[in-house]
Amino acid sequence: MPLECAVLGKDVAITETTIPVISPYWRLKRNGHWTLLCRYDHERPRYCVLSPKAGAALALMDGRLTVRHLTMIAQYAFNLESQEKSQEFITRIISEANREDDAVVNMTPELEAYVKRIDPFDFVVKASRWKEQQRLATPISLNVMFSNDCQPNCAFCFAKGHCVPEGKLLSTERWKELLREAKGLGIDQVTLSGGDPLLRKDSLQLIEEMIALEMLFTLSTKCHITEKIADSLVAIGMTQPVNQYVREIQLSMDPDEPTADKLAGSPGYYNRAVRSIGNLLKRGFNLRVKSVVTALTAPYVYDWVEELQDMGLRQISIAAYNRSLTGNTDKMFLGTEGLNSILEQCRQARIDFPEIDLSTAGLEHGEQSWDRYSEPFGPLPGEDKGIAEKITLCREEGRYGAHSSMTITPDGKVMLYDTVPRDEMLFVGDVSKDSIAEVWNSDALRNFTHPRSEQFKGAACYDCKDLAKCQSKAGYCFREAYFKSGTVFVPPAECPMIQAEA
């Protein structure tokens, strides 16, 4: 059950006797000389970079001090001219943190067990040191691929055809070293991708290590979860809570049995998935079933949801199939009619089955994609103008995962996205021989996130006077450029220069 958190300035008023606390669903983290406010979420971590004043002020909000006490401390610490100005400052910090989010809440006895106590002095930094930092010193999260293998052979899989020979896989001990390094760097949110994590022989050892390190993750799989596998997952702690969460298992399957078996390239896959659901539900797992719906499965969404709810499932995710290396001519690609059909079926399913948490993604035109960056705080009184400008730039860059996360493939090669094929031109490092920190700060990785003009020689970007502005969107550009042209350092089709030439 989600924790009851009353958001200050929204659910309850901010008064002198209010006791603010960073929500258990958020974390205050030091990243180099920067302080980050990070969403603590098993599926979609987000963050924003805080100014030195904002970071230091929020570090005081640990559920032990009232606004009145915080006001007195802030007046002295930030050299504010009066108690009134100081209280305005504290109130503004809380309001900025909650403007678009829910980061600062009212302290209650129920939250005590989930509050993370921090030392405020760990978040004090000189403005000059803060401005020296140009990018995140370490990733916010990691995407790890223990294996590119999978039981089915799905028609739309990015990992298909890119399996790594067993002799070239990272060893069990190397994976554990990397996970421990990540934890030491402050990374506690990890995405398990692939391929299927459970197809690796030592997968349970690696998942157990992540559990021991108190990492938050979702285990996504298409494996047939037998009773034996389900019991093993219980034994290593997958049903035990980490803070306020119980780690989620996300089982992927498609609607309509004959179509699903065909798409999976595996006769009997649908029925095996049904048995997997039963084995997991019987043992009390936090289970979600997800489908990437194509034009072939779109007509069957409602019936599929009904079948799952009859089995006792209460969490379902539906995403539109919308990526294709061959463009929109792919027979699985959803047109307007298919998208509208899915939307209508989901609308009806929510009415008929209100107990189900039915989430959707990519179905509506203009629907906003997941933004990894929270809205930044506005400039604070007396703060350096250069700080506000850098925070705005961080906000532009932070929307894209390439600026805050990286993907480790089964043999240790590092990429910036998991939704691209395994292509050497997309590798930015190798953790089989280097550390996570060394790869993150390498020239190879930086040249993808902040490419130099000479890397675009022969392309329209090379002589573009707006290239510097475009740098903040490079994380998006190189992926889209690759999908459209099969290479990296060229403008994507959406580039205004390309459209003007056309």
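Which residue forms a salt bridge with D102? The partner of D102 is R39, and their closest N and O atoms are 3.1 Å apart. A salt bridge here is a side-chain nitrogen of Lys or Arg within 4 Å of a carboxyl oxygen of Asp or Glu.

This is a predicted model, in which local features need pLDDT of at least 70 and side-chain atom pairs count only at pLDDT 80 or more, while totals for chains, interfaces and linings use all residues. Residues are numbered from 1 along each chain as its sequence is written, and side-chain values use heavy atoms, leaving out hydrogens and water.

**Salt bridges**

The count comes to 23 salt bridges. Three of them are listed here.

| D102 | R39 | 3.1 Å |

D102 sits in the loop between α3 (83–97) and β5 (104–106), and R39 in strand β3 (residues 34–39), 63 residues apart. Helices (H or I, at least four residues) and strands (E, at least two) are DSSP runs, numbered from the N terminus. D102 is partly exposed, at 29% relative accessible area, whereas R39 is buried at 17%. Buried means under 20% relative accessible area, exposed over 50%, and partly exposed in between (1.4 Å probe, protein chains only).

E209 is buried at 14%, and R180 is partly exposed at 39%.

E227 belongs to helix α7 (residues 227–235), and R283 to the loop between α9 (269–282) and β12, 56 residues away. E227 is partly exposed, at 40%. Salt bridges with shared partners join E227, D231, K282 and R283 into one network.

**A five-strand sheet**

An open sheet with mixed pairing has the strand order β7-β6-β15-β16-β17. Because β7 (190–193) and β17 (429–430) are at the edges with a single partner strand each, one side of each has no neighbour in the sheet. Two strands pair if DSSP finds at least two bridges between them. Strand β6 (residues 141–145) pairs with β7 in the parallel sense over four bridges, and L142 stands opposite V190 in β7.

**A buried serine**

S291 lies in strand β12 (residues 286–293). S291 counts as buried, at 0% relative accessibility. Its side chain reaches the backbone oxygen of M253 at 3.3 Å. Beyond its neighbours within four places in sequence, S291 is in contact (heavy atoms within 4.5 Å) with residues including M253, W304 and I318.

Notes:
Polar contact = N/O pair within 3.5 Å; in protein donor to acceptor, adjacent residues only side chain to side chain.
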